[in-house]
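Here is a short report on one protein chain.

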Amino acid sequence: MRGEYDGKKLGFGCMRLPLIDPTDPGSVDAEKVNEMVDRYIEAGFNYFDTSWIYHSYKSESFVGQCVVDRYPREKLQISSKMPLKFIKNATVEKVDDVFRQQLGNCHVDYFDTYLLHSVNRASYKVAQEIHYFEYMHEKVEKGIIGRFGASTHEDADFLEMMLTDHPEIDFVYLQVNYLDWDNPTINSRGMCEVAQAHGKPILVMEPCKGGLLAKVPPEAERLMKDYNPDASVASWAIRFAASAPGVDRVMSGMTTLEQVEDNVNTMQNFEPLNKEEMDIIWKVADIIRKNTEIPCTHCNYCLSKCPKHIPISDFFSLENDFFLFNNPNHVGGFGGKYQNLCMNHNAKASDCVSCKQCEQVCPQHLPIHEYMQTVSEHFDGWSTEKSHGKGKG
């Protein structure tokens, strides 16, 4: 049956594929993707998750080229998503046109699973008005979609409403990781509890929170390594997500062959976290909270809305590294990295005009304009001092 769950808990997320040019999200390195896909499939996995908007609207095409064209279709599970909130003045006709383009992009004539992408209250209202759920149900009945689901970063009350209104939804796609489990904004625990109450299987996004949980503070890493020297930091996050009640599959946005190798080794013979490991996880979460300034997942949805084309997530990543590893009175090499980012993107943090368009699409609900002021204070000031020979590096 198309879209039927096969018991394999690791999915290949196609939002963070390797790039030829780090400043161009559309410059996917197909040769490296081929190597990663081959290793993933060789290990016995077959689920590929993409979307219309990933990699500057090119991710689906690379799934077609690097996956579907190279392996028998019947041995693959291909999933994509409808980004309704990114379609202006949406109608059923527009949605259908995008859907047909997605099939073509992926070189398929059906999707094993398909989702309404990152649905929020505004896009849900549009979906209701254009009878989007009825449209999707027809696709399922015709066999063009195997299972239909919805991904969301809204709250548990919203998820409860949507699943009550639309019991035909087959599964949900939720952000689940140990740092967000009891986070009042993300509330992974509460979202999972709602899904379970409605009997909906859970697919997990952001198990490593955009890479944040793959690079933890030294104090936290020591706790993990003392318990299991051979396990990577990232593997703890993947196993936590896969151990959560009701989870069918965990999507990992893999960028390197090494990440694929680590993930398949972790998940081929998956073992849920035991009590001792869970105790360590909660200690690690506390340490990370004390050492992370901006909980950005590097999804880059914000970039699509920024009128100044500021590389927001890159600046936030740099700010987090600065906060975690550097003395605030010594900017040093971080200032040089900041200058390179500014030159590559022809934009700096102080270019932010606080229009807050980025915040309307941020899945983490971050006050981006406030954080940009912090980045500017740390690095634009350093750049000015450096240009006048007063750098602190």
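## Two helices in contact

In this predicted model, helix 1 (residues 30-42) packs against helix 3 (residues 59-68). The angle is about 55°, and the axes lie 9 Å apart. That angle makes helix 1 oblique to helix 3. Their crossing is right-handed.

Which residues make the contact? Helix 1 supplies Ala-30, Val-33, Asn-34 and Val-37. Helix 3 supplies Phe-62, Gln-65, Cys-66 and Val-67. Sorted by class, the contact of helix 1 with helix 3 has 6 nonpolar residues and 2 polar ones. It has no charged residues.

Now for the charged side chains. The count of salt bridges comes to 18. One of them pairs Asp-49 with Lys-81. Their closest N and O atoms are 2.7 Å apart.

This pair links distant parts of the chain. Asp-49 sits in strand 2 (residues 47-49), while Lys-81 sits in strand 3 (residues 77-82). The two are 32 residues apart.

## A bridge within one helix

Arg-100 forms a salt bridge with Asp-96. Here the closest N and O atoms are 3.2 Å apart. Both residues belong to helix 4 (residues 92-106). They are 4 residues apart, which means that about one helical turn separates them. Arg-100 has 49% relative accessibility, so it counts as partly exposed.

## A bridge from loop to helix

Glu-154 and Arg-121 also meet through their side chains in a salt bridge. The N to O distance is 2.6 Å. Where do the two partners sit? Glu-154 lies in the loop between strand 5 (145-151) and helix 7 (156-165). Arg-121 lies in helix 5 (residues 121-129). This pair, too, links distant parts of the chain, with its residues 33 apart.

Some salt bridges share partners. Through them, Asp-96, Asp-97, Arg-100 and Lys-139 join into one network. Asp-96 and Arg-100 are the pair from helix 4 described above.

Conventions
Residues numbered from 1 in each chain as written. Predicted model: local features only at pLDDT ≥ 70, side-chain atom pairs only at ≥ 80, totals over all residues. Heavy atoms only, no water. Axes fitted to C-alpha atoms, helices over the stretch in contact; angles between N-to-C directions. Parallel < 35°, antiparallel > 145°, perpendicular 65-115°, else oblique. Left-handed = near helix turned anticlockwise from the far one by under 90°. Contact = heavy atoms within 4.5 Å. Nonpolar A, V, L, I, M, F, W, Y, C, P; charged D, E, K, R; others polar. Salt bridge = Lys/Arg side-chain N within 4 Å of Asp/Glu carboxyl O. Buried < 20%, exposed > 50% of the residue type's maximum accessible area, 1.4 Å probe, protein only.
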